[in-house]
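Hi there,

Here is the structure I promised to pass on to you.

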Amino acid sequence: MTQDAKKVLLVLTSHDDLGGLRSTGYYINEAAHPWKVFSEAGFQVDFASIKGGVAPQDGRQEGDPEQEAFLNDPNVSRQLASTPALADVDASSYDAVLYVGGHGTMWDFPGSDDVTRVGREIYENGGVVAAVCHGPAALVNITLSNGKPLVDGKRVASFTNSEEAAVGLTEVVPFLLADELAGKGAMHVPADDFTENVIVDERLVTGQNPQSATGVAREVVAVLTTASA
C-alpha cells in the first residue's frame, strides 16, 4: 500500500435502466457521504465507472448539504465528467475500494471481470474492500486467487429482501442481493429497514443502505489507520 496519503477508489455503476420502469444509476449520497469522510481524513479519492465517461446518477436530493458539496466540488466535478473505465484502473495504487450502491449496480457489477480484478488485487495487497447498499452486488462474484469467494465465511450487510420489498422492486431486480451473498457463503447480517447497519469483518466493510454510507467510510478510515499505525 502507499506510504503517503491513503488512496481510495469509488466505483460507480454505468447501468441506467431500472428494469424498464425508470432511469437509475449510482445513488449520489452513497458516494457523497463517503467522499466527505475520506476527504476530511486526508485521503485521496478517485472515481471510476464500469464503462467510463459520465456515470448515471440516482437519488438526487435538493437541500442535502453533503450532496451539494460533493456535486459542486471542482475536483469531483472534473472527475465525474469523465470517469475512467474500471478496466483502465491500476488497482495496485489504491489502499481501499468502495463499491458505491444504487440499483444500477445489480445489473453491471456482478458480471464485470474488472470489479473482480480490482477487489481481489486490493484485498490481497492488504487493502480494504468496502461496499454499501446495492454496492455489495460487486461482492457476489469476487473470488480470491485460491478460487474462494471473498465473502465466504464473512459477515456482511447489504440491502435486505425486506427493504427491496418496501421499495416495490422485488420482482424488478435481477436477483435478491442478500440471498445471492448468502449463496456464496456469506453470513448476511440484517438490521431493521432503513436503519444504519455497518458490518466489519477484518478488511471487508459493508453497509446495508443509504443510511449506512457515512458509517462504512468511517470504518474504512479506522481499518486503514489501524493498519498503518
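This is a predicted model: local features need pLDDT of at least 70, side-chain atom pairs count only at pLDDT 80 or more; totals for chains, interfaces and linings use all residues.

**Strand β1 and its partners**

I would start with β1, which covers residues 7-12 and has 6 of its 6 residues buried. The side chains of K7, L9 and V11 point one way from this strand, while V8, L10 and L12 point the other way, and both sets are buried. β1 runs parallel to β3, and 6 bridges join the two. V8, for instance, has V45 of β3 as its bridge partner. β1 also pairs with β5 (residues 96-99), again in the parallel sense, over 4 bridges. There, L10 stands opposite L98.

As a general point, nonpolar side chains in soluble globular proteins tend to be buried together. In this model the largest nonpolar core has 34 residues, and those with the most contacts inside it are L10, Y26, F38, F47, F70, L98 and V220. Elements that give two or more residues to this core include β1, β3, β5, α1 (28-40) and α2 (65-72). Which element gives the most to this core? The answer is α8, with 7 residues.

Another core, of 33 residues, lies apart from the largest one; among its members are L9, I50, L86 and M106.

I50 is worth a click. This residue lies in the loop between β3 (44-49) and β4 (57-58). Is I50 buried or exposed? Its relative accessibility is 18%, so I50 counts as buried, because the cut-off for buried is under 20%. The C-alpha atoms of I50 and V11 are separated by 7.5 Å, although the two are 39 residues apart along the chain. Leaving out residues up to four places away in sequence, I50 touches V11, L12, A85, L86 and F109, among others.

**Rings and charges**

The structure holds 5 aromatic pairs. In one of them, F38 and F43, the ring centres are 6.1 Å apart and the planes are at 15°, so the pair is stacked. Both partners are covered: F38 is buried with a relative accessible area of 0%, and F43 is buried with 11%. Beyond its sequence neighbours within four places, F38 is in contact with residues including V8, L10, V45, L98 and V220.

F47 and F70 form an edge-to-face pair, 5.8 Å centre to centre with 65° between the planes. This pair links distant parts of the chain, since F47 is in β3 and F70 is in α2, 23 residues apart.

K7 has its charged end over the ring of Y94, 4.8 Å from the centre. R203 does likewise over the ring of Y123, at 4.2 Å from the centre.

**Two backbone angles to look at**

Most residues other than glycine have a negative phi. F194, however, has a positive phi of about 55° without being a glycine. F194 lies in the loop between β8 (187-188) and β9 (198-201), and counts as partly exposed at 33% relative accessibility. E202, also not a glycine, has a positive phi near 55°. E202 lies in the loop between β9 and β10 (204-207) and is exposed, with a relative accessible area of 59%.

Happy browsing, and best wishes

Technical notes:
Residues are numbered from 1 along each chain as its sequence is written. Side-chain values use heavy atoms; hydrogens and water are left out. Buried means under 20% relative accessible area, exposed over 50%, partly exposed in between (1.4 Å probe, protein chains only). Contact means heavy atoms within 4.5 Å. Two strands pair if DSSP finds at least two bridges between them. A nonpolar core is a set of buried Ala, Val, Leu, Ile, Met, Phe, Trp, Tyr and Cys residues joined through side-chain atoms within 4.5 Å. Rings of Phe, Tyr and Trp (its six-membered ring) pair if their centres lie within 6.5 Å; planes under 30 degrees apart count as stacked, over 60 as edge-to-face and the rest as tilted. A charge sits over a ring if NZ of Lys or CZ of Arg is within 6 Å of the ring centre and within 35 degrees of the ring normal.
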